[in-house]
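Me: I have a new structure open and would like a short walk through it. Can we go step by step?

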Amino acid sequence: MNATHPMPGNTRAERSVSTYCYQCVAGPDLLKVRIQDGIATEVAPNFDAADVHPAGGKACVKAFGLVQKLYNPHRILHPMKRTNPRKGRGEDPGFVAISWDEALDLVAGKLNAARAEGLIDASGYPRLAASFGGGGTPTAYMGTLPAFLAAWGPVDMSFGSGQGVKCYHSEHLYGELWHRAFTVSPDTPLCDYLVSFGANVEASGGVCGVKRHADARKRGMKRVQIEPHLSVTGACSAEWIPIKPKTDAAFLFAMIHVVLHEHERTRLDLPFLKHHTSSPYLIGPKGFFLRDPDTRKPLMFDLTTQRAVPYDTAGIDPALEGVFHVDGIEVGADQEFAAHFNFAATPAFGRLVEHVQGYSPEWAAPICDVAAATIRRIANEFLDHARVGDTIEIEGETLPLRPVAISLGKTVNNGWGGYECCWARTLLACLVGALEVPGGTLGTTVRLNRPADNRWSSVKPGPDGFMDYPMNPTGRDDWISRPPARSAHRTLVPLAANSPWSQALGPTHLAWMMQKDDFAHLPAASPPDVWLVYRTNPAISFWDTKAVSDAMAKFPFTVCFAYTHDETNHVADVLLPDCTDLEGLQLLRIGGTKYVEQFWDHQGFSLRDPVGPPQGEAKDFTWISTELARRTGLLEQYNAAINRGAAGVRLSGPNYDFSLDPSVPHDVETIWDAACRAANAELTDGAESQGLAYFREYGLRVKPFPRLQWYLYPKLVGAGLRFEQPYQERLFRIGKELERRLHEQGIHWWDRQLEEYEPLPHWRDLAGLWEGALERHFDVRIDDFPFWLVTARSMQYSWGGNVGIQLIHEVAGNVAGHGNVVMNRGAADKLGIADGDLVEVRSPLNQTKGRVMLCEGIRPDTLLMIGQFDHWATPYAKDFHAPSMNALMPMMLELTDATGSSADLVKVKISKLESAP
Amino acid sequence: MIADLERCVGCQTCTAACRHTNATSPAVQWRKVLDIEAGSYPNVSRTFVPVGCQHCADPPCMHVCPSTATRQRADGIVTIDYDICIGCAYCDVACPYQARFKVDAPSFAYRDAELKSEIEREDPHRIGVAQKCTFCSDRIDFGLENGLTPGQDPRATPACVNACIADALHFGDLDDPDSTVSRLLREQSHFRMHEEIATDPGFYYLYGKTGQPDDDARRPAAAAADAGTLRTRGVEPWHQQHWDWKAAGNFVCGGAGTGLLLFVALASLRNGSSFPLAWLALAIVALGLFLVLLKIGRPLRAAFVLRQPQRSWMAREAWVAMVLFPLGAVAAWYDTSALLIAAAVVGLLFLYSQAMILREAKGIPAWRISLVVPLIVTTGIAEGAGLLLAATALLPTLAPVANETALVVAILAALRAWTWRTYLLGLRIEGAPVRAIVVLERFRPWVFALGLALPLALIVLGFVVDGVRPALFALAGLGVCAAGGALKFILVTRAGFNQGFALAHTPVRGSGVPGPAVKPGWSIT
């Protein structure tokens, strides 16, 4: 049974249960729950995992909210149905309790009706839609629902609940392209110098991030935090540089300028650039690689033989700079060829040097409002710490040691400017050979490439010596002109790819926007017949939350898996109470390399073991999923999906088979017992196959994960591949093709986004872009909105869906800024605003109210609102009266970048409503 | 206990873990992490500082505890026996680290809806008594009984240390040179908070490598001027919460009553009688003590106040009262000067005890200053004289002593004004919470006007204008008395700002040198 350990302090009947917390993307945290007289009373770290978990088995503060979450008196504990057909914020839903039978029949009836009409509606969109919470965390709680969705067929997951505007969107897409880095992290255990542009790792890096950065500080790592306000991460950094919002790209460009124009080339990692990047590739007159006419391989100029040769010619010394007269062809958009003879070609690196010539620190200083000397010093320190030429042995293999990295935070790495910043960050790593090597900049997970559980195995040879990437097609014959999901990600965003994650990564606001106004030359908008919602509250967490709320109120049938009443399930037709974190049963894959700083030396599985029977009539998600499958006639496909691994582990392998009988429904424990057996077999190559009882006793099981696989460099070198830096020829071509396809279909409203497909990105006046867009769209004078409003993640709340938990609210209150409008004191003085005053913060779109907290750690032109609040239905949280920026941010195409995201900021004005009490 | 300020990120996991493990009520955070900002834009630092009971080697909370509820174990852990504590909150105002809590009624996360977990862990023993961090002494004891090493084995280690995700908190035996905590203190620069108060706290803060110079170049602007306006709420001194008007009433009544008893006794030397005023004096003192009875969390245990006269001035006050009332009653009953004088002397001891109660409240800078003793004693005596002067107008038999009483009142009012002035000056020299000084300075002219100038004017006028002399003397006496009462009321209920929190250094963060000291909300930083 459950693991029992003598626990001090109590003699009552007690035991402890092992489980995990995956309330945020930085999970899972492993923990133990103390149970006294059958009641869960206490959360504690799981020290049984101390030797395998990167943070010693510690659990983050959010996990300590789980006991209150379990017993919260505001929980919905019975299935409920809506009695008021009118939907909207002002309408009382009139929810009444019903039986599970009635609720499931109701839901299955709608699903069956939709299915009977066809899985796809007249516009080509899936009739079933589903929205889940941030970063895929709900999958750690939804049991076998993925198997049901797989059994169902096409499901539209593109109704966003925060994606794009609240995530690291550009980083996700470009990161995966360049180094299989859906999320990017410094190799913190070895890094000595980290430039962090707003990356708030102490708030969003989870226990592994916090532990690793604390260890790194003690080791002497210098972290420079560049951001408009002094976040908790800035607080824990050696230096804070208050940069003007959304000008980070200029700072980064100036760093590149310093490295390339103010230092000897020998300071760079020239072998890395020559042999592991596309720096030597020659560029043709139209901006495409100059290629060998026979093989169509990109050409480099060999300094030894003084002639142009294909990039994969052995034993050459390619030129990085200079002008070389060569013959070759260019392959442009739609395979258009252009032949050139004796063309004066420059290598990509040389182009780069020219490109950044004007981006000096003196140029960047007034843009960023940071002294040129400071920018220059940071660039020099970056170079000084890079230790070009040093090596380190990892598991017997000698690798470069480059202990410098740059990390980017939200609003820096999404929206306009995200491309520039991600490119510059990745390029700076390449210049000193610090990409995907010990101490440098690493990717930690893959989500768009397959297979997703291992970065190394996702590395496959692609064109021109680069890794392959599953771009959405842009060719004449294969471009997907009719979007298969309402975000149109496959139509508009080649980089979004087509993995199970892709829909949720497209321009998800388009799905909401088109509910109001069709986009010209795309199929007419249609609401989903059935919309499933789990662990998300887009009526609060997205941008322009009023527009989103209005749109969802028009959906014909919404099913919310409901914890408490909230602003989204206010428009639901059926509420289904699922087991909360501590009540449900699930086996989860852990370890390897995952989000943020989650790179482990182990990999395996952990069990989420219920602490006791569910409260009220809450049901385990696996039971609900099985019932939905049974009632929709999909049981066989559902069980087959489980057998294939849709619940996290494939039930059969080369020498074991614990597959379930597909023809009959299985109870929850049977399903997870089979999963546990398969997991044990997978971890032991079939030697062991203990079931649920094993994981209940031990909580987790792991096997070693090679540290060498933290780094992509050895895999790329082994495969003879190069990092696709600095010159983005592939994207340039795809952009041209996409432009043609869209224009052929008459679509011109995506033209601005097409400008992003530059092979070497130019600086754009991003502030001006924002300001101009707002002025035009709202017919306002932007000078009337003098402040940038930004946000920051809160370790206590982010992703947690825990806004109604008293303990979390209480302890978050100890961290300055929660629930307030944070403002610079000097700026407030000028406006006659005092600490504690009630103010209105108004953007051209909307307004919010809150009490001011004055501080010195924020730029005078910037306001800060931490987290996402503004609740009006969620019990407990609705009494906070905390400001939130989400309602203030307009969903606009002009503010949407080519990857389909926007940055999380807006221009506002502030006015005092009443004095502090 | 060690908190590494370079590591701490202010995440509050320790706070939440402590709330879980110790099942404290909402907002009762035995362990919490402060978020302290210092400097001015753009040279700003922000430091996260775990705080809680410092388990001082010389704990003022224990010294003041009248009931012996607060004790110190052989291993240095300061504990509270909930079954003995009377809930007087004297320890609360004696603690310079704001580490103590008192919850007078059960409270729950969701108001009236008591959660199952709260029902399971509810502990009625904690209601109405002092509570604070115990360093999870039950875990330590469990560990030691089972051969485990506190600070090493999680089962023998405080929950906050176990929970800390940054490894910022460390616990162990400082007497063991090989322990982790001993090693950390050897290897790294450290300070203890409020070291100047000399309580020898057992909580150390690491802020950098040993031998690193401090960064005076980035010294922030003095934080004093910003107290209460900047982001220093919960860091700069705030007003103590537990000693309200009822507690102030004890000082008001105790001073006036014992002062009156003194002058009744002196008057009896002249008149041979105390008239009924001795009874009145005793009644006033009793009223003050009755108000205290209404205030304490566990009034049924009030007698426990007598348990620790060896250390606690509150216990001493109670013991003196135990002598004062019977002796005073006998003296009043038999109305003999000798007995009255004896009772008055005991009354003065009572008054002195009250002054020392404030003096020993180490957590309240405006009280703990030594000059509070002459102030409280002087004003008590002046108030007594004032009351007697007022009585001369009402009791014809006292008329013969009216003139000399008026002179004495005038002298005592002047003496009190001098001690008041000296007290304020001393406070400024020693340093105090800015807001306490603001309160006292705002009140200062009123003490002089109502407590000195007006009574003197009335007395002089009384000597000049014969017909209304009794009335003028009475007004003067009442003025002196009222000013004294107001002074003590203000001192306890308005100027009782606590120590707040301060840093001797802001920490290094990976690279660089430690920053300067931070002491927000203080007149002297």
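This is a predicted model: local features need pLDDT of at least 70, side-chain atom pairs count only at pLDDT 80 or more; totals for chains, interfaces and linings use all residues.

Me: How many residues of chain B are in contact with chain A?
Reply: On the chain B side there are 62, and they are in contact with 69 residues of chain A.

Me: And what area is buried between chain B and chain A?
Reply: About 5600 Å². Carbon and sulfur atoms give 57% of that area.

Me: Why quote an area for an interface?
Reply: The size of an interface is often given as the accessible area lost when the parts come together.

Me: How many salt bridges are there between chain B and chain A?
Reply: The count is seven. One salt bridge is formed by the side chains of Asp167(B) and Lys211(A), with a distance of 3.5 Å from N to O.

Me: What about polar contact between chain B and chain A, how many residue pairs?
Reply: There are 30 residue pairs in polar contact between chain B and chain A, counting pairs with both residues at pLDDT 80 or more.

Me: Which elements of chain B supply at least two residues of the side that touches chain A?
Reply: They are the helices α1 (13–21), α4 (116–121), α5 (137–145) and α6 (159–163), together with the strands β2 (32–40) and β3 (43–51). The largest share, seven residues, comes from α1(B).

Me: How do the residues on that side of chain B divide into nonpolar, polar and charged?
Reply: The side of chain B that touches chain A has 25 nonpolar, 17 polar and 20 charged residues.

Me: Switching to chain A. How many helices and strands?
Reply: Chain A has 27 helices and 33 strands.

Me: What share of chain A counts as buried?
Reply: Of its 917 residues, 69%.

Me: Back to chain B. Where does Ala198(B) lie?
Reply: Ala198(B) lies in the loop between β9 (188–191) and β10 (204–209) of chain B.

Me: Is Ala198(B) buried or exposed?
Reply: Ala198(B) has a relative accessible area of 52%, and exposed means over 50%, so Ala198(B) is exposed.

Me: How far apart are Ala198(B) and Cys164(B)?
Reply: They are 34 residues apart in sequence, and their C-alpha atoms are 29 Å apart in space.

Definitions and conventions. Residues are numbered from 1 along each chain as its sequence is written. Chains are lettered from A and ligands numbered from 1 in the order in which they are written. Side-chain values use heavy atoms; hydrogens and water are left out. Contact means heavy atoms within 4.5 Å. Buried area is the accessible area (1.4 Å probe) that two parts lose on being put together, summed over both. A salt bridge is a side-chain nitrogen of Lys or Arg within 4 Å of a carboxyl oxygen of Asp or Glu. A polar contact is a pair of N or O atoms within 3.5 Å; within protein, one must be able to donate a hydrogen and the other to accept it, and residues adjacent in sequence count only if both atoms are side-chain atoms. Helices (H or I, at least four residues) and strands (E, at least two) are DSSP runs, numbered from the N terminus. Ala, Val, Leu, Ile, Met, Phe, Trp, Tyr, Cys and Pro count as nonpolar, Asp, Glu, Lys and Arg as charged, and the others, Gly among them, as polar. Buried means under 20% relative accessible area, exposed over 50%, partly exposed in between (1.4 Å probe, protein chains only).
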